[in-house]
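Here are my notes for when you open this one up. Have a look at the picture, then go through the points in order.

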Amino acid sequence: MKVPFFTFRDFPAGLQQQVENALVTELRKNQLILGPSVTSFEQEFSRFLGGGEVVGVGNGYDALVLCLRALGIGPGHEVVVPANGYIATINAVQQVGAKPVFAEPDGQSYNLTAASVLPVLTAHTKAILPIHLYGQSCELEGLLSLCQKHGLYLVEDFAQAQGALYKGKPVGTFGKINATSFYPTKNLGAVGDGGAVVTHDIDLASWVRQYHNYGQSKRYEYAQAGINSRLDSLQAAVLSVKLAALNTLNAERKRLAAIYHRSLSEVGDILLPVTSSPDTDHIYHLYVIRTHQRNALQQFLREKGIQTLIHYPVPPHLQAAYEQLGYRPGDFPLTEELAANSLSLPLFPGMTEPEQMYVVEQIQQFFR
Ligand SMILES: *Cc1c(COP(=O)(O)O)cnc(C)c1O
């Protein structure tokens with residue numbers, strides 16, 4: 001049997017047809033950039049999040065850059081990011097001229113916590129930029145009180161966690177201004193690039209709304225020299241369809257994760273994802289296990305037709321791109337261990353029971 005790491009299936013049944021219909025309808029409207037469908041999606045996403053301003057933008061990376069720029073973060077400022085995070089988040093900090101400062105994650109959730117961030121704060125720190133990694137919400141209360149105490153902004157990167165809750169409220173609504181991505185494989189995915197900025201601050205939202213569209217204040221009037229990072233209408237139309245199904249899609253991911261949990265809990269030398277806090281939530285954008293035999297297990301599964309991935313094999317502080325920050329191997333032991341031991345198993349809405357049982361059996365077989 002072949003099991004892909006991720007693929008699009010018609011789940012919930014009929015979704016694929018709805019997506020295709022939405023694309024054709026949108027195409028015939030003949031308004032492909034911005035326009036009413038983008039506005040509708042922004043309003044629907046705002047309602048889903050329980051309020052706030054939503055600005056659709058070109059992609060998740062741009063959303064992050066726009067958040068940081070809106071806050072006036074730039075040269076001379078430091079922004080704390082997870083050492084084990086995705087490179088896009090760090091590149092966004094670099095892009096605005098600020099310095100990314102890495103912090104080790106918590107050993108259970110793999111997310112930043114107040115305790116993990118505190119040691120790296122300096123007089124130059126301007127913001128904390130946590131990722132709700134793999135779909136698990138961060139302990140936001142601790143991060144928020146740390147921000148309050150030190151006069152910092154909290155900016156959430158919720159690209160991997162649309163619909164995940166913290167204390168019953170969706171993430172992406174706790175920070176001053178927050179960013180998400182609609183890259184096709186995300187839990188809320190478009191059929192191309194897309195992203196959004198979310199904030200409760202009207203002034204920040206207005207600034208982003210202007211700056212992301214060349215700085216246009218009125219038609220042909222430009223208040224500032226902005227950029228072009230817009231959500232297109234085809235993506236917005238698809239996102240409206242997918243958003244209506246998002247809670248169902250996330251519930252299905254949770255159901256599949258629970259099956260992995262039950263089936264793999266007795267297998268030796270595996271650490272399963274931990275979701276111990278009653279305040280946090282996990283929507284399993286990725287199901288990441290840890291094992292000392294990671295490379296051998298991945299190879300074994302590959303030979304059995306099962307595709308797995310590693311998120312992420314080389315930590316940002318050891319990438320050539322960030323040499324100038326002066327970090328060395330050993331600076332972030334947990335992050336480095338995660339890079340060496342983590343393996344993401346196939347998990348996607350519409351994955352069948354035989355597929356998942358096959359993955360479970362092959363993992364059991366490997367450790368036997
Ligand atoms: C996907 C992702 C991004 C970048 O999104 P793009 O739309 O690909 O630019 C940023 N941060 C995190 C945590 C992501 O997972």
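1. How many of the 368 residues of the protein chain, as a percentage, count as buried? The share is 56%, where buried means under 20% relative accessible area, tested with a 1.4 Å probe and counting protein chains only. Keep in mind that this is a predicted model: local features need pLDDT of at least 70, side-chain atom pairs count only at pLDDT 80 or more, and totals for chains, interfaces and linings use all residues. Residues are numbered from 1 along each chain as its sequence is written, and side-chain values use heavy atoms, leaving out hydrogens and water.

2. On to overall shape. The protein chain has a radius of gyration of 21 Å, which agrees with the value near 21 Å for a compact globule with 368 residues; the radius is taken over C-alpha atoms, and the globule rule is 2.2 Å times the number of residues to the power 0.38. Along the principal axes, the C-alpha atoms fill a box of roughly 70 × 55 × 35 Å.

3. You'll find 11 helices and 13 strands in the protein chain, both being DSSP runs numbered from the N terminus (helices are H or I, at least four residues; strands are E, at least two).

4. Now zoom in on Q235, which sits in helix α8 (residues 233-264). Q235 is buried, because its relative accessible area is 8%. Setting aside neighbours within four places in sequence, Q235 is in contact with A190, V191, G192 and D193, contact meaning heavy atoms within 4.5 Å.

Notes
Buried means under 20% relative accessible area, exposed over 50%, partly exposed in between (1.4 Å probe, protein chains only).
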